[in-house]
Amino acid sequence: MLAMFNIMETFAYITLITLIAGSGGTGLGGVVGALLKTDSNRTISLLLSLAGGIMLSVVCLDLMVEAVESAQQVTGHAPLLVSAALLVGVGVVYGLNWLIDRKTGAEVEHTSDPDHPQTHDDLDELIHADHLNEHRRNQDSKMSLYIAGIVMACAIALHNVPEGMTIGASFAAPDGALESTGLVMAVLIGLHNIPEGMAVAVPLLSGGMSRIKAVLTTAACALPTVLGAWLGFWLGDIGPLGLSLSLSFASGAMLYVVFGEILPQSVLMHRSKMPAFFVIVGMLLGLMIIYY
């Protein structure tokens with residue numbers, strides 16, 4: 001009975017901090033976007049680069065190490081198991097991103113240009129807010145706007161679910177071995193969600209939505225983070241194998257988000273050497289956080 005109570009207490013705690021990191025971060029970004037109705041590519045680029053660098057350190061030096069150690073309890077081929085689950089995480093997020101881009105890219109003139117980079121070059125593209133805004137400008141049907149909104153929510157969820165999984169799986173590690181890592185990831189996710197919230201709120205406001213409704217809608221977009229945390233905690237709580245698979249899958253998804261989305265986008269948004277330096281600083285900060 002006591003063990004069950006402890007699990008429920010941990011579950012409620014995970015839900016709370018993930019809700020704050022997810023909806024709190026995007027909601028704060030929505031407030032900034034509602035007040036300023038603009039965003040700074042340079043500021044967003046450097047903030048994303050810094051958060052991306054810290055995430056790399058946490059994933060590679062903490063989460064993956066714990067995944068290998070957990071897998072070693074059930075198999076003699078732990079590195080292969082972790083690598084396979086990590087590649088699945090990369091493949092799933094990449095495949096879903098590719099599918100959404102393929103279905104929606106042609107509808108936005110900017111992204112359908114043959115000279116456009118083979119990745120997103122601003123935050124609106126990353127979360128498909130440009131897709132929604134295009135429908136608003138064309139005064140398309142309510143169904144078109146609804147579908148565009150669903151696409152935007154799905155694009156955001158692709159990032160938020162694996163981010164939430166890292167939090168949930170961290171708290172499932174035995175003896176609280178990764179509890180501090182889970183808290184660090186929650187803070188990072190909250191910071192990372194601020195510019196995303198700004199990018200969601202600005203086109204909604206431009207389309208005529210009220211400030212309060214835009215902020216609430218923006219905060220709601222991050223609710224999938226909580227679902228990811230629940231999934232990560234549930235898989236991690238099954239046992240060493242479940243914990244290893246959960247951490248590995250989430251790590252792979254996070255690595256794809258960092259290398260395939262955040263870092264290319266940061267460079268395209270602020271074309272200089274500064275994003276690279278901020279990534280390095282972020283990695284060093286992550287190292288300090290892990291070992292101190």
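C60 counts as partly exposed, at 37% relative accessibility; the class runs between buried, under 20% relative accessible area, and exposed, over 50% (1.4 Å probe, protein chains only). This residue belongs to a predicted model, in which local features need pLDDT of at least 70, side-chain atom pairs count only at pLDDT 80 or more, and totals for chains, interfaces and linings use all residues. Residues are numbered from 1 along each chain as its sequence is written, and side-chain values use heavy atoms, with hydrogens and water left out.

**Overall make-up**

- The protein has 12 helices and zero strands. Both are DSSP runs numbered from the N terminus: helices are H or I with at least four residues, strands E with at least two.
- Among contacts (heavy atoms within 4.5 Å) with a separation of 6 or more, 81% join residues 24 or more positions apart.
- The accessible surface comes to about 13700 Å². Carbon and sulfur atoms hold 69% of that surface. The areas come from the Shrake-Rupley method with a 1.4 Å probe; for residues, only the protein chains shown count as cover.

**Nonpolar core**

- The largest nonpolar core has 44 residues. Such a core is a set of buried Ala, Val, Leu, Ile, Met, Phe, Trp, Tyr and Cys residues joined through side-chain atoms within 4.5 Å.
- V58, I167, M185, L188 and L247 touch the most other members.
- Helices that each supply at least two residues of this core are α1 (2-36), α2 (41-71), α3 (78-104), α7 (142-172), α8 (179-206), α10 (224-236) and α11 (240-269).
- The largest share, 11 residues, comes from α11.
- L188 is in contact with I54, M55 and V58, leaving aside neighbours within four places in sequence.
- In soluble globular proteins, nonpolar side chains tend to be buried together.

- α2 has 31 residues, so at 1.5 Å a residue it should span 45 Å. Its end C-alpha atoms are 41 Å apart, which agrees. The expected span is 1.5 Å times one less than the number of residues.
- A kink of about 35° is centred on V59 in α2. The bend at a residue is the angle between axes fitted to the seven residues ending there and the seven starting there.
- C60 lies in α2. Not counting residues up to four places away in sequence, C60 touches V65 and L255.
- C60 and S251 are 191 residues apart in sequence, yet 8.0 Å apart in space, C-alpha to C-alpha.

**Helix α9**

- A214, V215, T218 and A219 are buried in α9 (residues 211-220).
- These four residues are on the same side of α9, because they cover an arc of only 130° around the axis. The arc is that of the directions from the helix axis to the C-beta atoms.
- The face turned away from the buried side carries the exposed residues I212 and L216.

- T225 is in α10. It counts as buried, at 0% relative accessibility.
- T225 touches T18, G22, N160 and G164, not counting residues up to four places away in sequence.
- V226 is also found in α10. Its relative accessible area is 8%, so V226 is buried.
- V226 is in contact with T15, T18 and L19, leaving aside neighbours within four places in sequence.
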